[in-house]
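Open the model in your viewer and keep the selection tool ready. This tour moves from stop to stop.

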Amino acid sequence: MTEDAAPLFAPVTIGDLTLPNRIAMAPLTRNRAIEPNTVPSPLAPLYYRQRAAAGLLISEATQISQQGQGYVWTPGVFSDPQVEAWRKVTDAVHEEQGHIFLQLWHVGRISHVSLQPEGGAPVAPSAIPAKTKTFIASGFADVSAPRALETGEIAGIVADYAHAAACARRAGFDGVEIHGANGYLIDQFLRDGSNKRTDAYGGSLENRMRFALEVVDAVLKVWPATRVGYRIAPTSPANDISDSNPQATFNALAEALTQRNLAYLHVVEGATGGARDVAPFDYLALKRAFSGAYIANNGYTRDMAIAAIRDNRADMVAFGRAFISNPDLVERLRLDAPLAEGDRKTYYGGGAEGYTDYPEWKAA
Ligand code: 8OZ
């Protein structure tokens, strides 16, 4: 390795795991699951195996229930066939001495009636449609208008998280990451732009955090805290999410997650997949509010990642798109080799093309 890459290649402890480098693979939606039962693709074991040199792999966002699905061909983790297919993924990663967490996902209002049980309305904290699109079998479509959850329905969704977390454990994952980012259900409850509830799940910050923390506590009945991470995107406008005071919201959440000893906080810094400086935010204050590891993400170059680890602004850095088109990203970062550009047309949906056929650098 070039000498200045050394910080990226120092081992790191995440929870009770010692990982060989500071490079994480970010969760990446690829829409290659098999319908009708949203079983992970038979190509997924190879795809994740090719990338297993990352210190930590985080799976693509994976719905905890059919109600939690918002895009066509995303995988689930709530049925036996899904667990069996995920087992092939975790076995492949473990054969390469890698580690992989599964990302637990419920989209809330970012969905479409064609994906919902019995064609019903997507669910949300409040009946406020998001101004955004999803993609369904026929292409891009406006998300469907959601209905507000009854207070009495919420415990069932929390139970779905616990069930999915248990399925992830049976599938051989090393841990789970709770998807609390990007304007999906947990984020919709947390933010005052999408949560106008007047029951115990809305209003004060404490109330808006209630759903998130009930999910965390349910997952902690299945997994030790050392194996649970949580992803946030405090300033991202993704999926039409908004919040009058993200800094207060997320500092308080980080403190609540510290009380629960979670292994890591994974932070999309800025607009998801876009500008890092969309809104002012003090990420160091957030990091100080959390006692576990801090995984930084969003638009990091090699130099930025090295500097962030060296200067103690992050414990790991997660790379997303670079991992799509560079299965050997870890080796390329070690050598400071050039990175291949990905083909956006094959990001979402399809088969092996643009999924498992990106060459390693030596072969390129
Ligand atoms: C891209 C396309 C569809 C979903 C996210 C799970 O933004 C996603 C996602 C990304 O967190």
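In which loop is Asn-182 found? Select Asn-182: the loop runs between β10 (175-179) and α4 (185-190). Helices (H or I, at least four residues) and strands (E, at least two) are DSSP runs, numbered from the N terminus.

A word on the model. It is predicted: local features need pLDDT of at least 70, side-chain atom pairs count only at pLDDT 80 or more, and totals for chains, interfaces and linings use all residues. Residues are numbered from 1 along each chain as its sequence is written, and side-chain values use heavy atoms, with hydrogens and water left out.

**Stop 1: Asn-182.** Asn-182 has a relative accessible area of 9%, so it is buried. Buried means under 20% relative accessible area, exposed over 50%, partly exposed in between (1.4 Å probe, protein chains only). Now show its contacts (heavy atoms within 4.5 Å). Leaving aside neighbours within four places in sequence, they include Asp-187, Arg-231 and Thr-272.

Stop 2: From the side chain of Asn-182, an N or O atom is 2.8 Å from an oxygen atom of the ligand. For His-179, a side-chain N or O atom is also 2.8 Å from a ligand oxygen. Taken alone, the ligand exposes 300 Å², and the protein buries 81% of that. These areas come from the Shrake-Rupley method with a 1.4 Å probe; for residues, only the protein chains shown count as cover.

**Stop 3: His-112.** Go to the loop between β5 (100-105) and β6 (123-124), where His-112 is found. Its relative accessibility is 15%, so His-112 counts as buried. Beyond residues up to four places away in sequence, His-112 touches Pro-122, Thr-134, Ile-136, Ala-141, Asp-142 and Ser-144.

**Stop 4: backbone exceptions.** Most residues other than glycine have a negative phi, and most peptide bonds are trans.

- Glu-35 to Pro-36: this peptide bond is cis, with omega near 10 degrees. Pro-36 lies in the loop between β3 (23-25) and α1 (44-50).
- Asp-240: not a glycine, yet its phi is positive, about 65 degrees. At 31% relative accessibility, Asp-240 counts as partly exposed.
- Asn-298: another non-glycine with a positive phi, about 110 degrees. Asn-298 is buried, with a relative accessible area of 3%.

Definitions and conventions
Polar contact = N/O pair within 3.5 Å; in protein donor to acceptor, adjacent residues only side chain to side chain.
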